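Here is a short briefing to read alongside the model. Please keep the viewer open and follow the points as they come.

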Amino acid sequence: MCLLSLIDEEASYGYEMVSKLRERGLDLASEGSIYPLLSRLQKQGLIEGYLVQSSEGPARKYYRMSADGRRTLELWRTEWRDFATSVDAVLNGAGR
C-alpha cells in the first residue's frame, strides 16, 4: 500500500522509493525487499514499469500507476482507515 501511494504521487524508481519511505519514518524497507513487491504489483497490473536513461549510469526502471492501481489504492486506503479506527478504539479503551 505504501509503495502504491508513493507511485501515485509521482513515478519513481526502486532506490528512490526506499529513500522516500525512510524519509517518512519507514526504515524497514530496503532495495532488496521492495523489488519483489514491485514485480508482484506489476504482474497484478497495478503499476507499469518503463526504462529511463540516466546520466549517472545504466537506465533506471521507473514505475507509474495504472488505472487498476489507482482503484486498488483507494480501496486499500478505505480499508486501512477502517482498520486504524478500530485499533484506535481498542487502544483508547472505547467501550469501557
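This is a predicted model: local features need pLDDT of at least 70, side-chain atom pairs count only at pLDDT 80 or more; totals for chains, interfaces and linings use all residues.

Y50 has Y62 of β3 as its bridge partner.

- β2 and β3 run antiparallel and are joined by seven bridges.
- The sheet they belong to is open and has three strands, in the order β1-β3-β2, with antiparallel pairing.
- β1 (12–13) and β2 (47–54) are the edge strands, each pairing on one side only.
- α3 packs on this sheet, where it touches both β2 and β3. The direction of α3 makes about 125 degrees with that of β2.

**A closer look at S54**
- S54 sits in strand β2.
- Is S54 buried or exposed? With a relative accessibility of 18%, S54 counts as buried, because the cut-off for that label is under 20%.
- The S54 side chain reaches the backbone nitrogen of E56 at 3.0 Å.
- Setting aside residues up to four places away in sequence, S54 touches A59 and R60.

**How α2 meets α3**
- The two helices pack at an angle of about 115 degrees, and their axes are 10 Å apart.
- α2 passes α3 in a right-handed crossing.
- Which residues meet here? On the α2 side they are G14, Y15, M17 and V18, and on the α3 side E31, I34, Y35 and L38.

**The nonpolar core**
- In soluble globular proteins, nonpolar side chains tend to be buried together.
- In this model, the largest nonpolar core has 16 residues. Those with the most contacts inside it are L3, L4, I7, M17, I34, L38 and I47.
- Which elements each supply at least two residues of this core? They are α1 (2–9), α2 (14–23), α3 (31–43) and β3 (57–65).
- α1 gives the most to the core, with four residues.

**M17 and its surroundings**
- M17 is among the residues with the most contacts inside the core, and M17 is also one of the α2 residues that meet α3.
- Leaving aside neighbours within four places in sequence, M17 is in contact with L3, L6, I7, S12, I34, L38 and Y63.
- Two of these partners, I34 and L38, belong to the α3 side of the helix packing.

How values were computed:
Residues are numbered from 1 along each chain as its sequence is written. Side-chain values use heavy atoms; hydrogens and water are left out. A nonpolar core is a set of buried Ala, Val, Leu, Ile, Met, Phe, Trp, Tyr and Cys residues joined through side-chain atoms within 4.5 Å. Buried means under 20% relative accessible area, exposed over 50%, partly exposed in between (1.4 Å probe, protein chains only). Contact means heavy atoms within 4.5 Å. Two strands pair if DSSP finds at least two bridges between them. Axes are lines fitted to C-alpha atoms, for helices over the stretch in contact, and angles run from 0 to 180 degrees between N-to-C directions. A polar contact is a pair of N or O atoms within 3.5 Å; within protein, one must be able to donate a hydrogen and the other to accept it, and residues adjacent in sequence count only if both atoms are side-chain atoms. A crossing is left-handed if the near helix is turned anticlockwise from the far one by less than a right angle, and right-handed if clockwise.
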